[in-house]
Amino acid sequence: GLPAALPALPLELTILYNSLLFTMGASDSAVEGEAEGIRQGLLRVLEACGACGQDLSTEELWQKVLQEVTVEELQAPLHRLGALQAAWWLAASRPGSTAGLFRLLSNAEDRGSACCSEGENELLSLLKAWRAPAEGTSLPLVQSTEDLKEILYTAAAFLQGLQELEAGNFPTALSLLQEAAGGFCSKKVLAQIYTCLACCAQQMGKPQTALQHLKRALQVDFQCLPALSHAAAVYHELGETEAELQALALLYEALEKAPPAAASSSPYFLIRTELLVRTPILASLLRHRHSSEVKYLLAQRCLQDGRVADAVEHYLDFLALLQEGLQQQVPLDGGSALPRIPEVFLEAASALEQAGRHQDAITMCEEVISRTTDLIPRMLRVEDRLEQPESPSPGAELVGGLLSQKKESLCCLAWRAAGYLHHGRAWAQVNDWEKGPAQPAAMAGGCLGDLLRVQLYGSGLELTGVPGARSSVTSGRRHLSQRAELCATLEPLKGPAALLDFQHSLQISPGDPAAASYLVQALWKLNRKQEAAAHWQKLSQSTPGEDGQQEEQGRPFPLYLVSCLKQAKFPGHESLDRSIRDYLGTTSQDPSS
């Protein structure tokens, strides 16, 4: 409450500087509200000089003080406060305001050297050129201006590198991040910078360079687990499955261990680089995966690579974690590697089926079917091309909620269809079809019923928004064709019934080559050779664009349906092709046949 006096201001500003440093260090963050202390200090300076600046913004206040206050004894304290202000602005991701402040802090002699050449970063040039006035020895400082300058330089390079990385300016980002890596920071921050360099190199299409940066990150700080996670992603991009799985296994092992004490960051300094660089993109790049996410990735990659036994083990471990309340531990948001829970069960069922554990696969499928059935309405009304309104309206939120609910119902329908599909396939392996084909036939019938509903509702709900829906239709109809072919082979009397299934499959998706191929074979086995030959000729003349696989271009099949598609290929088509060609050759020579 005492009036400001010039003789006491150097001591007052030094005390303010030290107290703000302690406040920031104790809070472990740069809080915007604390910068009010700097503003009050500047107003005290103006008050002592007979001026005021209550109505000025912070930038305008600094400009007025540095241009009008020329007292020699106040220059060093003002420069120290300026460095603190720069720290707060960097923490608020405002490098432009920081650069403007250092233009003011640079005196006339320094301004020439502070000018940056073309392609050079202005803020980094200003920081390099900045020379704070000599500090008196009347009161010790808890952190010197020179030390603070080094930290500001590293933080400015790191922050701007991240901003350029987010904007997609990768060469500029790479240059700034390399500058930050050569700056003054802790081992923990240096490992983070190397990890960001790796992400930048990967975006530039340089995976090997990315791996080199990630190895450096782990050499600097072995606790930098995001680097290990990114390494697994790079190996996946390179197709090096063995290295990817090793990286994921190491990551899972590290996450499962009790976390050791945090790596030392710079205990001698209250303001550190990690306090000033806290941006959403950095948090995203350095996101720590939950051990359960890594366990799921191990299961998924093993299944994709055909390592069925390992996949089964990982899926069962993951499902055990589900029982322990995983959903409360890991948010299922866009950053999580975890899919929806029914998809995990279906993937596990696929792995178990491929491993020959058919009864366990059946149990998994029954869980999906029972849990989704209650979530599927008996009637689902859908308008054609129901879309979210472009502009908000009183009823927009309600419409959006209804659309989301209908999509969720359709997802459940697709999951149940896939559950029926796997259930029927697994049941066929543990039972004798000749003695009891009723159960797999019932499963195929349930699958078909759901698929018809999926296809019927899909036009209004855009199947691209329902993972696996369109794929379930394609896989299910092929499975129906395969079931019919097996029936026709096992018992000739079932040939007409099988033929009807093939025709139904083609009604679901006209022109599907797999169903058409089975139809040709069924007609041929029933000695309806003329019809078989006619369908075969039509199938042979179809263009590549009409291939059923083409409709899925850009929409990869869900992992839990891949095995179904692999086993739904048309068998023995070469020999049938030769027979039909011979038949056509004979009939062309003998028109009466």
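User: How many residues does helix α2 have, and how far does α2 reach from its first C-alpha to its last?

Analyst: This is a predicted model, in which local features need pLDDT of at least 70 and side-chain atom pairs count only at pLDDT 80 or more, while totals for chains, interfaces and linings use all residues. Residues are numbered from 1 along each chain as its sequence is written, and side-chain values use heavy atoms, with hydrogens and water left out. Helix α2 (residues 36-48) has 13 residues and reaches 19 Å, close to the expected 18 Å; the expected span is 1.5 Å times one less than the number of residues. Helices are DSSP runs (H or I, at least four residues), numbered from the N terminus.

User: What makes α3 roughly parallel to α5?

Analyst: The axes of α3 (residues 58-68) and α5 (residues 95-105) come within 10 Å and cross at roughly 10 degrees. Angles under 35 degrees count as roughly parallel, so α3 is roughly parallel to α5. Axes here are lines fitted to C-alpha atoms over the stretch in contact, with angles from 0 to 180 degrees between N-to-C directions. Contact means heavy atoms within 4.5 Å; among the residues making this contact are W62 of α3 and L101 of α5.

User: Why does C200 count as buried?

Analyst: Buried means under 20% relative accessible area (1.4 Å probe, protein chains only). C200 has 0% relative accessibility and therefore counts as buried.

Key:
Buried means under 20% relative accessible area, exposed over 50%, partly exposed in between (1.4 Å probe, protein chains only). Helices (H or I, at least four residues) and strands (E, at least two) are DSSP runs, numbered from the N terminus. Angles under 35 degrees count as roughly parallel, over 145 as roughly antiparallel, 65 to 115 as roughly perpendicular and the rest as oblique.
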